[in-house]
Amino acid sequence: MVALGELVKSVRRHHPNADSDLISRAYEYAEWAHRDQKRKSGDPYFVHPASVAGILADLRLDPASVCAGLLHDVVEDTSATFEELADEFGLEIADLVDGVTKLTKVNFNSREDRQAESFRKMVMAMAKDLRVLLVKLCDRLDNMRSLEHMKTESQERIARETMEIYAPLANRLGMHKLKSELEDLSLKYLEPDQYQHITKKLSASRRERERYIDGVAKSLKARLAEMGFAAEVSGGARHITSIYRKMQEHHCRFEQVFDITSFTVRVESEADCYATLGVVHSRWTPIPGRFKDYIALTKPNRYQSLHTAVVGPGQRRLEIRIRTNEMNRVAEVGVAAHWYTDETADRSGALKPEDAARFKWLKELATFQNDLKDPAEFFESVKIDLFPDEVYAFTPKGDVKVLPRGASVLDFAYSIHSEVGDRCSGGRANGQPVPPRYKIRSGDLLEITTAKNVKPSKDWVDFCVTSRAKNHVRSYLRSQHRMKSVNLGRELFETEMRAAGLSYGKFFKNPDQVSTLIKSNGSETLDDLLLGIGYGKVQPEELIKILNSSGGGDDAVPASIRTGPLEKIVDRVTGRDHTGIRVNGADDTLVRYARCCNALAGDPIIGFITRGRGVTVHRRDCAKAFNSDPERRVDVSWGANAKGARPVSLKIVTQNTPGILATVGRAFSAQKINLTEAICKANEDGTAQNEFTFTCNDLAQLKTVMRALVKVKGVVAVERT
């Protein structure tokens, strides 16, 4: 356990003016609050918060963060309250603790719901103060270090969450060492056999590898000194998870992973980095396609370095990273460097403007997750935001956009502005036209083209990668679905009113009647009421009864909203006096066609209000239609121009003679019909039963096809199935 004196000393090493009394009080308070609690290992519980505070101090974080590390579990696991912490240690520390605290005192339907809401709470807090996330990462690291005391099921669940959420978060913050340890500890429980295998292999080759690393480092340092560069060279093996991924990616054994060894060269200036690269390439042969310049194109997590791969001594492949000492500090602790590289920096947790621009994804994460209520969708979106690999694309003005690997032109468009994304019809990549689904490659110069008639569709979600783009598309589709539901509800209600001799127009202009209906249903607005009708949650006939009762009796029609003679004439002339909604043929969000009967335009049809899915259309002779709830039936009719290619099947009985299928096939072809499926079976009586499936526009076309088939020689009967 980290002792108080050791903790204070560690903090004051990097923050000489730190309030040691504040740290001491937080230490003693947490130790007292957890005095009766034990960990799964049997150790006093306080060992954990003390260790978390020690990790935060090693990262050189400020005293408030270290105090939050000591106190991070007292509200969640003891009787201490937020107000008590604020009184005792100040609002800054209390807010940090609250941001890390899980939602344990709220009832949720499932573990996933609780997990999503707790993580959402932390996301909102860390968007305001990034130190919340740093405390949480250190908390998770210490928990992973002692995970062996948990049950196997818990080990796998926590390790998977760490691998999918917390390790990528550390990576996005540039905290490479912490990210690597989180990944390796997770792999230990997710793939124990592979973890042990790689560990043993690394251990067996450790001495030989250390000799090789020492020889290469001394050789390279001497060569750089000859050229006038003051450089430090260090080397080591890739971390275990990195090696495991290489083996999985290339389907190879440990011995076949060539670039296990990597070296870091630290020089004094940015100019020295590029000059050092020249020295390395002149000494050893560079491997084509393996050079990356993260100094000119800085990663979003502030990581900067030159990466190259060469064929070194003994024909071994070496990965070499070249950076300045400052770049190296940022590479090791990432955003945590913000709290000690500038002694005049703001200690409130707010990032400096240049850092805030790099970490704007944090605020976007908080903004877009606010509308995602489904836990699975929420975590899917979070994982997308933490996608580790990036591509770099340029705008026509030369600005760099950093996007996840696999991002499309649509993702690029939405990264510029939501309206640009909504109207994106494609673009030009390096001067060549490309579609919206085009996958961006690093270095592409992209120009977005827009069109007024373009709007988001369902398939956009499939080829968007960023959560920003996905959430904008989903939000647009949800708003369109709501609008269509309201319109359908209005049409259903208007139809029911017309059948009852009431005028929707007069009702709409009568605030008292409108208010009566809204209140009777518990809705807040008329649109909410109509939305309920469109979703099938509210029955329009029940609303008619309420309106009738307001007229003085159960059967009394209120005179103020009764249909007038002139209105009846107008409805008859315009065709609005039909007793059902109009169906225009094509599948719609709120008008669906039952697959059991596949109604075609021209078929006699009937509709059923399906809860949450609008109106489902059946043919009137469909057996399932008769079995449906009569109270949910609604009259529907085809619109004047109803068309729409829909699947239809015909059962054709033929004589079982040679060439009969070819003859029937030519008959379909003559009607310009493309068959999608055919099932044929011979009978013992010399006939054959054949079922053909194809798409058809309407009933008239189907009848034409059936008449043509009946005339075919050898066809006994034609029947629609």
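Which residues does leucine 85 touch, not counting residues up to four places away in sequence? Here are my notes on that and a few other spots.

1. Some ground rules. This is a predicted model, where local features need pLDDT of at least 70, side-chain atom pairs count only at pLDDT 80 or more, and totals for chains, interfaces and linings use all residues. Residues are numbered from 1 along each chain as its sequence is written, and side-chain values use heavy atoms, with hydrogens and water left out.

2. Back to leucine 85. Leaving out residues up to four places away in sequence, Leu85 touches Tyr29, Leu71, Val74, Val75, Gly90, Ala94 and Val97; contact means heavy atoms within 4.5 Å. Leu85 is also listed with Leu7, Leu70, Leu71, Leu137 and Leu178 as having the most contacts inside the largest nonpolar core, which has 76 residues. A second, separate core has 32 residues, including Val514, Ile533, Leu543 and Ala601. A nonpolar core here is a set of buried Ala, Val, Leu, Ile, Met, Phe, Trp, Tyr and Cys residues joined through side-chain atoms within 4.5 Å. Buried means under 20% relative accessible area, exposed over 50%, and partly exposed in between (1.4 Å probe, protein chains only). In soluble globular proteins, nonpolar side chains tend to be buried together.

3. Now the rings. There are 6 aromatic pairs; rings of Phe, Tyr and Trp (its six-membered ring) pair if their centres lie within 6.5 Å, with planes under 30 degrees apart counted as stacked, over 60 as edge-to-face and the rest as tilted. Tyrosine 27 and phenylalanine 46 make an edge-to-face pair, 4.9 Å centre to centre with 85° between the planes. Tyrosine 27 sits in helix 2 (residues 20-33) and phenylalanine 46 in the loop between helix 2 and helix 3 (47-58), so this pair ties together parts that are 19 residues apart in sequence. Both tyrosine 27 and phenylalanine 46 are buried.

4. Tyrosine 29 is in helix 2 and phenylalanine 89 in helix 6 (residues 82-89), 60 residues apart. Both tyrosine 29 and phenylalanine 89 are buried, and Tyr29, Trp32 and Phe89 form one aromatic cluster.

5. Have a look at strand 2 (residues 261-267). Helices (H or I, at least four residues) and strands (E, at least two) are DSSP runs, numbered from the N terminus. Two strands pair if DSSP finds at least two bridges between them. Strand 2 pairs with strand 1 (residues 232-237) in the antiparallel sense over 6 bridges, and 6 bridges join strand 2 to strand 6 (residues 317-324), running parallel. Valine 265 is the bridge partner of valine 233 and also of isoleucine 322.

6. Further along, 4 strands form an open, antiparallel sheet in the order 19-20-18-21. Strand 19 (675-682) and strand 21 (715-720) are at the edges with a single partner strand each, so one side of each has no neighbour in the sheet. Strand 19 pairs with strand 20 (residues 687-696) over 7 bridges, and alanine 682 stands opposite alanine 688.

7. Last, the cysteines. The count is 0 disulfides (cysteine sulfur atoms within 2.5 Å). Cysteine 252 counts as buried at 16% relative accessibility, and cysteine 696 is buried at 1%.
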